[in-house]
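Dear colleague,

I am handing over the structure below, and my notes on what was found in it follow directly after. Please read them alongside the coordinates.

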Amino acid sequence: MTNQISYQKKNDDIECVHYKNWTKAYPPHTHAEHLTLGIVEDGSVCVVIDGKSKIYGAGDEFQIPPDVLHEIKPVDDNGYSMLVTCVRIQASRDDGELVELKDSILEQPE
């Protein structure tokens, strides 16, 4: 299996990263002003959010609030595949705008 990572910047507010058969760990870090949304497609991954570890498997979703310390660790040598979307959150946005951002993330190309 080939390890792959692809990155796409949708606009100034949305970035998507697709990890395929990935085995790399990411040490503790934060994303300033970005809400991170993830879904595991295959395998298992350990996500540590604000010091709390949880293992996510295929079909599981997670979210990491802006400016919160987190890390990603593979569970085993088999790797994991997941899609992660980072959405820049502005304090002035209301819930309706966040719903629109979420919908634009989930739009499928025709």
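The second largest pocket of this predicted model holds about 190 Å³ of space. Its lining is made up of 15 residues, and of these Tyr19, His29, His31, His70 and Val84 lie nearest the centre of the pocket. Two or more lining residues come from each of the elements E2, strand E3 (26–29), E6, strand E7 (70–74) and E8. Sorted by class, the lining of this pocket comprises 10 nonpolar, 4 polar and 1 charged residues.

Tyr19 also belongs to the largest nonpolar core, which has 16 residues, and it is one of those that touch the most other members, together with Val45, Val47, Phe62, Tyr80 and Met82. The elements contributing two or more residues to this core are strand E2 (14–22), strand E4 (34–49), strand E6 (61–64) and strand E8 (80–88).

As for the aromatic rings, the structure contains 4 aromatic pairs. One of them joins tyrosine 19 and tyrosine 26 in an edge-to-face arrangement, with 6.0 Å from centre to centre and 70° between the planes. Tyrosine 19 counts as buried because its relative accessible area is 11%, which is under the 20% limit. Tyr19 and Tyr26 are also members of one aromatic cluster, which they form with Trp22 and Tyr80.

A further aromatic pair, between tyrosine 56 and phenylalanine 62, is tilted, at 5.3 Å centre to centre and with 45° between the planes. Both partners are buried, tyrosine 56 with a relative accessible area of 9% and phenylalanine 62 with a relative accessibility of 6%.

Best regards

Conventions. Residues are numbered from 1 along each chain as its sequence is written. This is a predicted model: local features need pLDDT of at least 70, side-chain atom pairs count only at pLDDT 80 or more; totals for chains, interfaces and linings use all residues. Side-chain values use heavy atoms; hydrogens and water are left out. A nonpolar core is a set of buried Ala, Val, Leu, Ile, Met, Phe, Trp, Tyr and Cys residues joined through side-chain atoms within 4.5 Å. Buried means under 20% relative accessible area, exposed over 50%, partly exposed in between (1.4 Å probe, protein chains only). Helices (H or I, at least four residues) and strands (E, at least two) are DSSP runs, numbered from the N terminus. Rings of Phe, Tyr and Trp (its six-membered ring) pair if their centres lie within 6.5 Å; planes under 30 degrees apart count as stacked, over 60 as edge-to-face and the rest as tilted. On a 1 Å grid over the protein atoms alone, a cavity is a set of points where a 1.4 Å probe fits but cannot get out, and a pocket is an open set with protein on both sides within 12 Å along at least five of seven lines; lining residues have an atom within 4 Å of a point. Grid points are joined across faces, edges and corners, and a volume is the space filled by probe spheres set on the points. Ala, Val, Leu, Ile, Met, Phe, Trp, Tyr, Cys and Pro count as nonpolar, Asp, Glu, Lys and Arg as charged, and the others, Gly among them, as polar.
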